[in-house]
Number of protein chains: 2
Amino acid sequence: MKVEVNQKEFYQAIQTVKKAVSTKTTLPILSGILLRTQGNTLKLVGTDLEIGIECFVDATVTTEGDIVLPAKYLASIIRELPNEKVILATEPSNNTSQIKCDNSQFNIHGSAADEFPLLPEIESNTKFSISQQKLKKIINQIEFAVSEDENKPFLTGGLLILNDQKVELVATDTYRLAYREDEISQETSATEKAIIPNKTLTELSKLLDKSADEVEIVITENQILFTFAGISIVSRLIEGQFPNYQQVIPNQTKTQVEVDKNTLLQATKRAALLAKKESNIIKINFESNRLIITSNAPEIGQAYEEVPVSLTGPESEIAFNASYLMDCLKEIDKEKVIIELSGALAPGVIKTNSEQKYIYVIMPVRSA
Amino acid sequence: MKVEVNQKEFYQAIQTVKKAVSTKTTLPILSGILLRTQGNTLKLVGTDLEIGIECFVDATVTTEGDIVLPAKYLASIIRELPNEKVILATEPSNNTSQIKCDNSQFNIHGSAADEFPLLPEIESNTKFSISQQKLKKIINQIEFAVSEDENKPFLTGGLLILNDQKVELVATDTYRLAYREDEISQETSATEKAIIPNKTLTELSKLLDKSADEVEIVITENQILFTFAGISIVSRLIEGQFPNYQQVIPNQTKTQVEVDKNTLLQATKRAALLAKKESNIIKINFESNRLIITSNAPEIGQAYEEVPVSLTGPESEIAFNASYLMDCLKEIDKEKVIIELSGALAPGVIKTNSEQKYIYVIMPVRSA
């Protein structure tokens, strides 16, 4: 293989596929990136067998070929190169690659490309598309609620549901649940469900930009494929039964307030400074014209915050883990949020007033 | 005590004195900041008994008084306050402080101010002044060479020498030595030497800005005082005999090159990517019109870099720890540097061509 590529484009492509490269693998070849000429491009692939990412850079191909090079070293070398014009040449006899750029020259030991696992071919009739911007937002608004409990693998991902002209994404760690729905243009034939691993959601969200360009999504029984901006991401799906999230969302409410999102977020952030370390509890009193947020770290001191609101229904109080409340407020981009309570020991609900439905349920804690 | 202060000014002052606050102290009161009214100001003091920092903020003082509040909580609370106008009130009966700002209110448990150690009064005839900008540069150019070896405490600081109209600062960890001198306007009576602890140099450099404003420096037998921009830093000095650094600086040279500083730094940075992890060795061949920098990490690969130079004297070669070379190049703000060698096993010297003398000596290593 001998190709010429642009340093910036090559580095960006390496950074893209590197998100799928395993840092702690028992299979050494998976710590590498597959490079392969394809037409007038150089294809790059990284995978940890759970998720695979593929992308392309324009290349002037002198000799076709392929090789696997260690991701970490490849990335750090390409980043530091002194000029745009990079020549990459491989010596198939010993799986070594030479990188040349101006007065810099590197020899890197790699592996034969035929030892690198192939990404699966994904074909299915279950397809839809959504803008990058929308998908990024939807993921960010639920991802923090994904469980890290490996004993309940079906909670360690986000549940994607395709239903009519609607896409829904749900995550829960049993302490809180985040639900977001949005419209898609295609009508899907039947309801489809897929649990997408958290790592896939995280890396996908990082690669999505705020553009209106479409992401094509294809779902099979075990896998999901995202294609956008010349990047393909294939991920396995998590097996198992996601809990019935509709049962978790309270369908009645007694107390409702509308509150300025940023004022609430800042007040919660301050009150959290003096919440007890272990429990991180803040108490919120819902009064007719204000929320009173308090916390108490006995060794250190107390915090008291007032946030103006307009309340409907009876006055009430509830205690939350402050982080759980902040997680959702940080990802809401509306000026106002609605909080609904049905008593101190029932779950609290945070919603936004808009056509794109967002529902966040937090389990209360008993305050001291 | 009851005072009103500006949030931004108060936060900045807390950040300033916090640099002296110990994070791992056996004396709990040292994790706090002393706050004391003084005229129309609020004085803040932090100390870990090795270094003490004092500064002032303008305050509207309603009631005089003082208290010690935990630095970490005070900093995070003041940072997050919603408005500029901050009221700080203390309740001497129980050493509690109340912080009020808009709808936010905090009670913080503190300690009585009379338990807080006093910073020593520093008086001496050994005084000089130098601009903030100059002092910052001088410190940064030698500080990385300070030793971390607690078995040789006299090497864990920078040696300051006052001599005629000259200030010198030297540091060495026995693998390399950095020397910088500059002119000062005052004539000092006799040669004065003081070993300033590394932490003091680090925190002082962070607080210095790039202005031409003067720093007043007073030296006693055991302590040094820096005063600038309303900030006072008192530090103990390290006892012991600093080695005779003049013996370390080679006074003759065989091979000399002048080289573009940034080109050399970038090439060294790239070659270091493939230096062996433990030793970090790069080899430099000095040829008539170029330096050839090579490295070899047997498992990974090799790097080869060429840097154009003009050489005086015989061709030569030497091997260095790459980090030691980069440390000094990063802090040199000249376009060109001069490297002098007297053979592969003699120390290499890096200099700049300017009236402010800078000399950096690196011990060579045997390359494989």
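This is a predicted model: local features need pLDDT of at least 70, side-chain atom pairs count only at pLDDT 80 or more; totals for chains, interfaces and linings use all residues.
Residues are numbered from 1 along each chain as its sequence is written, chains are lettered from A and ligands numbered from 1 in the order in which they are written, and side-chain values use heavy atoms, with hydrogens and water left out.

Strand 9 (residues 104-109) of chain A and strand 20 of chain B run antiparallel and are joined by five bridges; strands count as paired if DSSP finds at least two bridges between them. Helices (H or I, at least four residues) and strands (E, at least two) are DSSP runs, numbered from the N terminus.

Turning to the overall arrangement, chain B is superposed on chain A by a rotation of 180° with 0.0 Å of shift along its axis, at an RMSD of 0.0 Å. This is the relation of a two-fold axis. Within chain B, the residue that comes closest to the rotation axis is Thr23(B), at 16 Å (C-alpha).

At the interface, 29 residues of chain B are in contact with 29 residues of chain A, contact meaning heavy atoms within 4.5 Å. The copies meet through the same surface, because 100% of the interface residues of chain B are also interface residues in chain A. About 2700 Å² is buried between the chains, with carbon and sulfur atoms giving 52%; this is the accessible area (1.4 Å probe) that two parts lose on being put together, summed over both.

Two salt bridges are found across the interface of chain B and chain A, a salt bridge being a side-chain nitrogen of Lys or Arg within 4 Å of a carboxyl oxygen of Asp or Glu. Glu80(B) and Lys269(A) meet in a salt bridge through their side chains (3.8 Å, N to O). On the side of chain B that touches chain A, the elements giving two or more residues are helix 2 (71-80), strand 8 (104-109), helix 6 (261-272) and strand 20 (301-308).

Over all chains, the structure holds 36 salt bridges. In chain A, the side chains of Asp182(A) and Lys134(A) meet in a salt bridge at 3.4 Å, N to O. Asp182(A) lies in strand 13 (residues 176-183) and Lys134(A) in helix 3 (residues 132-143) of chain A, so this pair ties together parts that are 48 residues apart in sequence.

Conventions:
Copies are superposed by least squares on the C-alpha atoms of residues with pLDDT of at least 70 in both.
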